[in-house]
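Reader: Please show me the model. Then let us talk about its aromatic contacts.

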Amino acid sequence: MRKNTVPSVNVRTAKMTKGRLSVYLDFYPAVRNPQTNRNTRREYLGFYIYENPTTQFQKEYNESILNRAELIRCRRQEQLINSEFGFLDRETPKLDFLAYFERKSKGRHQKWKCSYLHFRQFTKGSCTFGDITIDFCNKFRSYLLNANQIKHTKRKINRNSAAGYFSLFRALLKEAHKERLLKENLNDYLDQIDYEEVKKDFLTVDEVKKLAATECRLPGLKRASLFSILTGLRLSDILNLKWEDIRQDADGEISMFIRIQKTKKETCHPLSAEMLALCGERKTGKVFKDFQRHMAQRPLQEWLKAAGITKHITFHKFRDTFATLQLAAGTDIFTVSKLLDHANVTTTQIYAQLLPSAKRITTDRISLK
């Protein structure tokens with residue numbers, strides 16, 4: 001058996017005002033706080049005692065508080081021993097799994113919040129770690145495949161959204177197992193929800209030119225849309241783009257330095273003269289001040305119709321258009337992946353599947369003649 005593997009826990013006091021002492025637990029070495037995931041040496045109990053008790057009442061009060069502190073100390077020592085040697089603490093099943101899910105969702109991608117909200121709805125607002133069984137998880141899987149959306153309550157969750165939510169839930173189970181809050185990794189016994197291949201519409205070069213040549217009653221919508229087609233920038237990032245984000249890079253060229261809303265990563269995108277022209281005259285504040293989110297709905301469809309484009313094109317399809325046309329023009333997939341800020345090139349490969357012309361070229365590259 002290893003020596004000194006389990007931190008020791010001791011009751012300590014620290015001076016307060018008015019002749020009082022704050023009671024806390026001292027861990028040595030430091031332990032990880034499950035709430036903050038940070039190492040700490042102290043846990044304040046919220047109790048105080050009299051530094052120099054003078055009355056019988058004060059002496060009895062001190063004794064009572066120190067007895068309570070000792071009970072908590074013993075409890076913490078037991079938890080550390082169980083954690084060190086892989087035992088599931090007997091109190092863990094009573095812990096609030098729903099609160100754990102909510103805490104883990106904060107500061108992460110919006111899909112985490114959606115997954116949490118669906119889980120909260122599925123559990124009717126109450127779930128402990130003891131409730132998390134294989135059967136329970138499979139019931140949540142079935143729920144996602146049949147449930148309605150949180151915001152649009154009359155619409156079903158599409159399968160790919162359900163697959164994403166369940167994937168995040170499984171990632172949460174893995175984290176809980178690593179933190180020894182679950183006895184085993186339940187993912188070993190759960191089937192994922194398979195994604196469906198989705199047909200992606202995009203604009204051809206001729207359609208892009210036709211759209212650019214078509215008048216739009218909202219100039220801000222037109223500039224923002226064409227900017228997205230040329231840069232691949234998401235709607236949220238265009239709405240948040242500021243003039244201070246457009247400046248010279250290390251090579252002296254004009255680029256965009258932005259924090260991507262979806263991934264929270266900082267990225268640098270070079271800008272061409274045509275892209276800069278769409279930004280308009282340099283001012284202060286937001287670049288596309290005359291563009292608002294609601295314009296990406298009906299006004300966008302009216303403009304597309306005026307251009308004679310009958311495909312189902314949303315604002316996000318401009319990003320798909322950028323990716324597909326870049327690949328068609330011969331830009332290598334790794335460069336396109338970087339421009340799109342994809343975490344994995346596998347995501348970018350979806351766009352390569354949209355190019356039947358590319359498949360035709362490869363069939364002609366090997367010949368017997």
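Author: Rings of Phe, Tyr and Trp (its six-membered ring) pair if their centres lie within 6.5 Å; planes under 30 degrees apart count as stacked, over 60 as edge-to-face and the rest as tilted. A search of the whole structure finds 29 aromatic pairs. This is a predicted model: local features need pLDDT of at least 70, side-chain atom pairs count only at pLDDT 80 or more, and totals for chains, interfaces and linings use all residues. Residues are numbered from 1 along each chain as its sequence is written, and side-chain values use heavy atoms, with hydrogens and water left out.

Reader: Why is the pair of Phe291 and Phe315 called stacked?

Author: The ring centres are 5.6 Å apart and the planes stand at 25°, so Phe291 and Phe315 are stacked.

Reader: What makes Phe291 count as buried?

Author: Buried means under 20% relative accessible area, exposed over 50%, partly exposed in between (1.4 Å probe, protein chains only). Phe291 has 4%, so it is buried. Phe315 is also at 4% and therefore buried.

Reader: What makes Phe315 and Phe318 an edge-to-face pair?

Author: Their planes are 70° apart, with 5.3 Å centre to centre. Phe318 has 0% relative accessibility, so it counts as buried.

Reader: How do you know that the charged end of Arg247 sits over the ring of Phe257?

Author: A charge sits over a ring if NZ of Lys or CZ of Arg is within 6 Å of the ring centre and within 35 degrees of the ring normal. For Arg247 the distance to the ring centre of Phe257 is 4.3 Å.
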